Amino acid sequence: MDANFYLWLIPLVPLLGAAINGLTGKQRSERGVAAIAATSVAISLALSLRAFFLYSGTPVVESHMPWIYAGNFHVDFNYYFDPLAAVMTLVVTGVGLLIHIYAAGYMSGDAGFYRFFAYLNLFLFFMLTLVLAGNYLLLLVGWEGVGLCSYLLIGYYFRKPEAADAGKKAFLVTRLGDLGIVAAVLLIFKTFDSLNFTEVLPAAAQFAPEHGAWGPLTIIGLLFLLGATGKSAQVPLYIWLPDAMAGPTPVSALIHAATMVTAGVYLMARSSAIYLNAPDALTMVAVIGAVTALYAATIAVVQTDIKKVLAYSTISQIGYMVMACGVAAFSAAVFHLMTHAFFKALLFLGAGSVIHGMGGEQDINKMGGLRKFMPWTSITFLIACLAIAALPPFAGFFSKDQILWEAYSSEHGGLAFWIIGVTTAAFTSFYMFRLYFLTFHGQPRFEATAARAQGAHGNGHGGHAPHESPATMTIPLMILAVLSVAGGWIGIPALLGGGDQWNHFMAPVFTQAADVNHAAAHHKASTEYLLMAISVLISLSGISLAWWFYGRQRSRDEAAADTPGALRTLVANKYYVDEAYQFLFVRPLVTFSRDILWRAVDQWVIDGAVNGAATATRGLGSVARKLQSGNIRSYAGWVIIGALLLIGYMVGYSG
């Protein structure tokens with residue numbers, strides 16, 4: 001243990017902030033509550049930076065005390081710090097701090113202000129526990145904790161049925177995936193007789209690759225994938241994330257950019273040694289990621305709710321990261337996780353600024369021309385769109401290009417994954433600039449909505465023309481805009497004259513993966529240049545198409561008329577997947593619960609048995625009551641009857 005790191009303080013400080021605001025926040029002013037919450041995250045960020053600069057390249061393990069000792073099962077309470085943990089802690093605390101500052105302005109006037117910030121701090125505590133855990137059991141504690149906090153925050157407006165339902169949906173759907181994580185942790189202990197990363201991962205690296213046979217590593221990898229499909233909203237367990245938009249916008253930014261949905265990618269990257277010797281599991285991860293990336297991107301094209309466009313965009317971008325893990329490009333996946341945190345937080349906070357300025361309106365068909373009313377929001381939102389469209393020199397270009405290149409060149413990838421990747425990139429640039437043009441360009445379409453009675457978060461704020469947000473909201477937008485531009489420069493490849501510093505920094509974590517992807521070095525530089533140029537041209541094509549449909553002075557009806565009706569209806573209804581789940585799983589479960597468990601088992605069998613026992617007891621009591629008549633002759637008669645019965649029984653028994 002290195003006493004200079006104090007890793008335990010990094011998650012502990014936000015926990016203290018949550019406790020102070022949760023217990024005493026009701027008596028404090030909004031400024032006091034926000035100051036406590038933001039300061040705790042700022043301290044955590046400072047401690048993360050300190051650990052980052054102290055780190056010398058050797059993983060640090062801080063073991064604080066024995067946690068569980070039962071027979072052969074020994075687990076210590078320990079934290080683990082390496083380049084992967086360093087990046088994750090900086091992303092969680094850095095982006096989390098900006099979201100806290102933004103939320104101080106966005107949530108002003110909300111009746112549950114102190115409760116909201118207590119939940120936010122608690123969310124960061126569990127996420128930091130997850131990324132700093134030194135073993136799979138402590139990781140599981142953080143994993144379940146972020147699930148609980150997502151339920152609390154998504155259902156924050158619990159008086160609204162849609163918010164309460166969304167919170168429950170997120171909790172239940174992610175629980176299905178969590179079963180995989182729990183089973184995987186049990187199997188890890190059975191296989192390696194330990195849960196510590198420092199023992200499990202080196203041992204997994206020594207296993208023989210399980211080609212064509214499902215050994216323990218393959219099963220663990222598939223169980224982890226099941227968990228990741230829940231937490232990171234991948235096919236088929238993605239359905240909770242779009243509904244989670246019912247929560248406050250800062251919550252959406254935190255979940256989508258810095259915390260919950262990144263947990264699955266982090267888990268697979270942390271377990272890269274397991275996946276690299278389980279090629280079948282690796283292939284399944286790549287397929288799920290590729291399918292999710294393209295599938296969600298097509299749905300985002302026709303969404304009209306500004307937050308739901310971004311929600312499907314998140315599902316798609318996380319799919320990119322999962323696909324990268326599947327082709328053994330773990331370093332590229334974490335790189336995109338970091339840049340995505342910058343521009344997706346910027347997009348969500350920008351959307352929140354729009355919603356705030358529009359008095360709660362979220363339909364982009366009722367906006368238009370907002371760049372004149374909200375210049376800072378418009379400029380920063382445009383930067384985020386350029387970053388997610390992966391145009392150079394914005395941050396998303398370098399991380400997405402690395403994923404596409406490794407999807408093509410890795411021995412676990414291939415041309416099919418590259419084609420899906422660039423096709424998704426085309427959809428991404430189209431739907432993001434469709435969103436931008438409909439929101440900020442063209443003629444205003446918000447006259448009918450300017451006098452809305454309800455505000456952005458149900459506090460009555462509204463009833464005015466669109467306006468720019470206060471500084472507490474726009475300053476975080478500006479900082480994130482800078483990161484969305486320059487945040488990817490650390491990963492400029494040598495091909496473009498950069499030092500490829502990102503891969504050098506992450507190399508100690510993914511040494512084995514780098515060896516697997518050695519084949520990439522045998523491709524010609526001209527091939528990489530060509531693929532890079534194609535991906536940029538495709539992104540530009542998507543932007544041009546969005547301008548053609550929505551950037552010119554055309555009416556929304558004219559633009560919609562260019563889209564095939566049946567296809568648009570199919571996509572607008574999200575391929576009827578929710579309806580299919582409702583028909584295949586929810587309705588049968590409800591029917592079975594109501595007609596079999598409730599009416600048959602509960603009412604007829606259990607209640608019938610209990611009521612029958614009561615009726616029988618009451619009948620016996622009624623008979624026995626007649627014996628207690630108080631009449632001496634009656635008692636003597638019963639004694640004689642009893643004696644005769646006893647004698648008869650004894651005679652019969654002896655015979």
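Mentor: Happy to; let's start with Ala46, which sits in helix H2 (residues 30–54), where helices are DSSP runs of H or I with at least four residues, numbered from the N terminus. Ala46 is partly exposed, its relative accessible area being 44%; that class lies between buried, under 20%, and exposed, over 50%, with a 1.4 Å probe and protein chains only. Please keep in mind that this is a predicted model, in which local features need pLDDT of at least 70, side-chain atom pairs count only at pLDDT 80 or more, and totals for chains, interfaces and linings use all residues. Residues are numbered from 1 along each chain as its sequence is written, and side-chain values use heavy atoms, leaving out hydrogens and water.

Now for the partner. The axes of H2 and helix H3 (residues 83–106) come within 9 Å and cross at roughly 160 degrees; axes are lines fitted to C-alpha atoms over the stretch in contact, with angles from 0 to 180 degrees between N-to-C directions. H2 is therefore roughly antiparallel to H3, a label for angles over 145 degrees. On the H2 side, the contact (heavy atoms within 4.5 Å) involves residues including Ala38, Leu45, Leu49 and Phe52, while H3 brings, among them, Leu90, Leu97 and His100. The residues of this contact divide into twelve nonpolar, seven polar and no charged; Ala, Val, Leu, Ile, Met, Phe, Trp, Tyr, Cys and Pro count as nonpolar, Asp, Glu, Lys and Arg as charged, and the others, Gly among them, as polar.

Back at Ala46, its C-alpha atom is separated by 32 Å from that of Ile181, 135 residues apart along the chain.

Key: Helices (H or I, at least four residues) and strands (E, at least two) are DSSP runs, numbered from the N terminus. Angles under 35 degrees count as roughly parallel, over 145 as roughly antiparallel, 65 to 115 as roughly perpendicular and the rest as oblique.
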